[in-house]
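Please keep the sequence and the coordinates in view while reading.

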Amino acid sequence: MDCIFCKIANNEVLSEKVYEDEKFLAFNDLDPQAPVHVLIIPKEHVKSADEITDKNSDIVGKMFIIAAKIAKEKGLDNGYRIVNNCGEDGGQTVKHLHFHLLGGRKMNWPAG
Ligand code: 5GP
Ligand code: ZN
């Protein structure tokens with residue numbers, strides 16, 4: 001499958017890894033929008049948040065746990081933002097489920 005995040009998960013494309021276990025990977029975003037900008041993905045290909053069901057919802061629970069763990073390690077004690085862009089209008093450009101963990105600066109709201 002021609003998916004850049006699957007390739008990163010399979011080590012076919014290089015990334016700066018921040019966290020890894022059997023089922024999940026976190027790595028620095030190529031085009032960071034904040035001092036800390038980490039992407040958290042399941043290694044399994046799930047297209048978007050729209051594909052989360054009662055059967056696989058444990059994936060997103062674990063992604064939140066990993067995000068909080070990385071935030072702590074990165075010293076984001078004053079807060080951080082977790083973003084999921086879903087679908088065309090949501091601004092999703094990579095069609096493999098991911099959370100953005102953003103921190104190290106004050107975030108704006110509402111987001112563009
Ligand atoms: P989206 O727009 O789908 O929510 O987020 C996709 C993110 O993936 C973007 O922030 C983009 O910079 C990042 N990205 C796209 N291709 C690569 C890549 O090959 N390596 C890394 N590390 N990040 C990527
Ligand atoms: Zn994929």
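Which side chain meets that of Glu-73 in a salt bridge? The partner is Lys-69, at 3.3 Å from N to O; a salt bridge here is a side-chain nitrogen of Lys or Arg within 4 Å of a carboxyl oxygen of Asp or Glu. Because Glu-73 and Lys-69 stand four residues apart in helix H2, about one helical turn separates them. Helices (H or I, at least four residues) and strands (E, at least two) are DSSP runs, numbered from the N terminus. Glu-73 is exposed at 52% relative accessibility, while Lys-69, at 41%, is partly exposed. These words follow the relative accessible area: buried is under 20%, exposed is over 50%, and partly exposed lies in between (1.4 Å probe, protein chains only).

The model is a predicted one, in which local features need pLDDT of at least 70 and side-chain atom pairs count only at pLDDT 80 or more, whereas totals for chains, interfaces and linings use all residues. Residues are numbered from 1 along each chain as its sequence is written, chains are lettered from A and ligands numbered from 1 in the order in which they are written, and side-chain values use heavy atoms, with hydrogens and water left out.

Side chains of opposite charge can pair when their charged atoms come close. By the salt-bridge rule, the count for this model is five. Helix H2, which spans residues 58-73, also holds Lys-62. The side chain of Lys-62 forms a salt bridge with that of Asp-21, at 3.2 Å from N to O. Asp-21 belongs to the loop between strand S1 (17-20) and strand S2 (24-28), so this pair ties together parts that are 41 residues apart in sequence. Lys-62 is partly exposed, at 29% relative accessibility.

A further salt bridge joins the side chains of Asp-2 and Lys-7, with 2.8 Å from N to O. Asp-2 is exposed, its relative accessible area being 71%, and Lys-7 is partly exposed at 25%. Beyond such pairs, salt bridges link Lys-17, Glu-20 and Lys-43 in a network.

The cysteines remain to be considered. How many disulfides does the model contain? The count is zero, a disulfide being a pair of cysteine sulfur atoms within 2.5 Å. Cys-86 is in no disulfide, since the nearest cysteine sulfur, that of Cys-3, is 15 Å away. Cys-86 is partly exposed, with 32% relative accessible area, whereas Cys-6 is buried at 11%.
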